[in-house]
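Please keep the sequence and the model in view while reading.

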Amino acid sequence: MEKPPGWLRIAQIVLGAIAIALSGWVITNPAETALLYVAFLGIALIMVGISKIIEGFVLRQIPKSTKAISIAIGIISIIGGIFALANPIAAIATLIMIVSIVILIHGLGLIATGAADKSLGKGPRIANIILGILAVAVSASIHAMPGLAVAMMLILVSIGLLFHGIASIIAGIIGQKLSVTKL
């Protein structure tokens, strides 16, 4: 197998070192990292909102109702983005609450399915109920300790950056291209 060019190997090593450094920064500066995520989220929402509004006004081949929905989604996205940028702490709390509610609803749905769906075998019904109880417990934990949810997110991102950085440095040293896992 042919090794990648030297400049690519150097880039892999340098970018890997940067990823490892960012991993350390994420762990040591959790508040700034969370605020940075919210700023990126706010900017992304504003960009998506602008895009949806443009689509709603420019695309001729879609029905008027779809155009109206696109414009409405765009406006809501822009408002959400501005809210996230103007009130980052409230945005984090809102996101945590939404995630907590979604997990709660999912857990209750699993419990209801396990209790009510007689077409499932005994094992899947019990599994649904147990997983539903676990989901409700996770939701309650997130709701009771929102800081824990933020901390876990930051830890997972930091670990991901660390592993990617290590893999990139190793690939640069041994002269292999990084493979991208296809989902």
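The points below are grouped by topic.

The structure is a predicted model, in which local features need pLDDT of at least 70 and side-chain atom pairs count only at pLDDT 80 or more, while totals for chains, interfaces and linings use all residues. Residues are numbered from 1 along each chain as its sequence is written, and side-chain values use heavy atoms, with hydrogens and water left out. Helices are DSSP runs (H or I, at least four residues), numbered from the N terminus.

**Largest pocket**

- The largest pocket has a volume of about 220 Å³. A pocket is an open set of points on a 1 Å grid over the protein atoms alone, where a 1.4 Å probe fits, with protein on both sides within 12 Å along at least five of seven lines. Grid points are joined across faces, edges and corners, and the volume is the space filled by probe spheres set on the points.
- The lining (residues with an atom within 4 Å of a point) consists of Ala34, Tyr37, Val38, Leu41, Ile92, Leu95, Ile96, Val99, Ile142, Ala149, Val150 and Met153. The elements giving two or more residues to this lining are α2 (30-58), α4 (88-116) and α6 (146-174).
- By class, the lining holds twelve nonpolar residues, no polar residues and no charged residues. In this scheme Ala, Val, Leu, Ile, Met, Phe, Trp, Tyr, Cys and Pro are nonpolar, Asp, Glu, Lys and Arg are charged, and the others, Gly among them, are polar.

**Largest nonpolar core**

- Ten residues form the largest nonpolar core: Val26, Ala34, Val38, Ala84, Ala91, Ile92, Ile96, Ile142, Val150 and Leu154. α2, α4 and α6 are the elements that give two or more residues to this core, and α4 gives the most, with three residues.
- A nonpolar core is a set of buried Ala, Val, Leu, Ile, Met, Phe, Trp, Tyr and Cys residues joined through side-chain atoms within 4.5 Å. Buried means under 20% relative accessible area, exposed over 50%, and partly exposed in between (1.4 Å probe, protein chains only).
- Ile142, a member of the core and of the pocket lining, is in contact (heavy atoms within 4.5 Å) with Ile96, Ser100, Ile103 and Ala149, not counting residues up to four places away in sequence.

**Helix α1 and its cover**

- Helix α1 (residues 6-28) has 23 residues that should span 33 Å at 1.5 Å a residue, and its end C-alpha atoms are 33 Å apart, in agreement. The expected span is 1.5 Å times one less than the number of residues.
- Gln12, Gly16, Ala19, Ser23 and Val26 are buried in α1, and what covers the buried residues of this helix includes α2 and α6.
- Ser158 lies in helix α6 and counts as buried because its relative accessibility is 5%. Leaving aside neighbours within four places in sequence, Ser158 is in contact with Ser23, Val26 and Ile27.

**Helix α2**

- The 29 residues of α2 reach 42 Å from the first C-alpha to the last, close to the 42 Å expected.
- Thr33, Ala34, Val38, Gly42, Ile46, Gly49 and Gly56 are buried in α2. The buried residues of α2 pack against α1, α3 (64-86), α4 and α6.
- Phe40, also placed in α2, counts as exposed because its relative accessibility is 51%.

**Helix α5**

- α5 (residues 122-144) has 23 residues and reaches 33 Å from its first C-alpha to its last, close to the 33 Å expected.
- Asn128, Gly132, Ala135, Ser139 and Ile142 are buried in α5, and their cover includes α4 and α6.
- Asn128 counts as buried because its relative accessibility is 16%. Leaving aside neighbours within four places in sequence, Asn128 is in contact with Leu110, Ile111, Thr113, Gly114 and Leu120.
- Lys122, in the same helix α5, is exposed, with a relative accessible area of 67%.

**Segment after α6**

- Gly175 is found in the segment after α6 and counts as buried because its relative accessibility is 6%.
- Gly175 and Lys3 are 172 residues apart in sequence and 5.4 Å apart in space, C-alpha to C-alpha. Apart from neighbours within four places in sequence, Gly175 is in contact with Lys3, Pro4 and Arg9.
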